[in-house]
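Reader: I would like to study the aromatic rings of a protein model. Please show me the sequence and the structure.

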Amino acid sequence: MQVLSRLYQSAFYIATPFLPWRTPELLEGPGTLKHLPALLQHRNLQRILVVTDAGVEQAGLLGPLLDLFEQKGMTVDVWKDVTPDPTSTQAASLAEAVKRFDADAIAAVGGGSVIDCAKAARALIARPDRSLSEMRGVLKIRRRGLFFAAVPTTAGTGSEATAAAVITDADTHEKYALIDTCLIPDAAVLDAALTVQLPKRLTAAVGMDALTHAVEAFISRSRTNETDRHAAEAVRLLVKHLPIVYQNGDNLESRRLVLHAAHLAGLAFTKAFIGNVHALAHQLGAQYRIPHGEANAMLLVPVLRQYGSRIYPRLEKLAAAAGLSQTDGAAFIELLNELRQSLDLPAGTESLQTADYPAISRAALREANPLYPVPVMFSERDMYEVLRSIHL
Ligand SMILES: [Fe+2]
């Protein structure tokens, strides 16, 4: 299995430079959401379906945008039924709504769930011949479809930069990823003014998700000079500015830098991939509904410790990027531990059941292999060790 996994990863790594990677056209800076209608209109896109969720709507983030669309004479409809961990059924309903409205473009305004649900709906419209479960995995879509703009309102998932969408199967409740360069949004708006109202706990959790993307990309065997640069810069910014935005959510400059860092981490992990932290975090999310960022936050340090000294040369570089005077691997892991504590995120969970260890470990191994180019392939015993250390 190990040899096959490594072969698969090598094949993907070799193919990566030849894939049609794009980066979304960016509008960046506080207040830049107001330029989105013009960006769409310049491309002759007149009928825009805005996808969002109840939280974004209640926070009042949509009103000014809808007014601007109207002022420009564009036709807009709003679909606000996305829930956390969007299901395949939800994505299919959204696809129907897009077709009914005869949209020229989709604008997703929200967190990772909103953006991923819209990505999946767009894939369904582009490939009416395939179901979502038939498009799970790598490069099964191969058609871009409607113009798609992503507007993150949480600074963490980096979904506005990535070629992936995570969907929960409505029948089996299994989470799976669609991964295809077609899923990369055509445009992304990084407007930090949209993130200042984000509650403290969510700010901390999604920020730790971004940090996990950056660290897992940096220690990945599929890293490149470009992904290293993006990931190291994301680590530098997050270590410094996450505690600031956690303590003072109104600090717009730090909010801007955290949003930028989450985007950089997204650019890094979409090519270098994620690893065992995410493989386990997805299981904790599916099994116990532990929010994704919180699961990553509790797992990051135990997984890095389980990798052991083999990843220290990589962590030394991150320690230097983070500005630590003592640039060794253990010091960087300790910095991550202190950061989690300073954000008041839990070190583990009481929900975990010892009887669930085998199923969780097997599911995490299935997710990680062969896709994730992890620095050290875990055994079931490694997974147990990590689970034990987060079992409160
Ligand atoms: Fe994540």
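Reader: Is Tyr384 buried, exposed or partly exposed?

Author: This is a predicted model, in which local features need pLDDT of at least 70, side-chain atom pairs count only at pLDDT 80 or more, and totals for chains, interfaces and linings use all residues. Residues are numbered from 1 along each chain as its sequence is written, and side-chain values use heavy atoms, with hydrogens and water left out. Buried means under 20% relative accessible area, exposed means over 50%, and partly exposed lies in between (1.4 Å probe, protein chains only). The relative accessibility of Tyr384 is 22%, so this residue counts as partly exposed.

Reader: How many aromatic pairs does the structure hold?

Author: Rings of Phe, Tyr and Trp (its six-membered ring) pair if their centres lie within 6.5 Å; planes under 30 degrees apart count as stacked, over 60 as edge-to-face and the rest as tilted. By this rule, the number of aromatic pairs in the structure is 2.

Reader: Which class describes the pair of Tyr307 and Phe378?

Author: Tyr307 is buried at 2% relative accessibility, and Phe378 is buried at 7%. Their ring centres are 5.0 Å apart and their planes stand at 45°, so the pair is tilted.

Reader: Which class describes the pair of Tyr357 and Tyr384?

Author: Tyr357 is buried, with a relative accessible area of 4%. The ring centres of Tyr357 and Tyr384 are 5.7 Å apart and the planes are at 75°, so the pair is edge-to-face.
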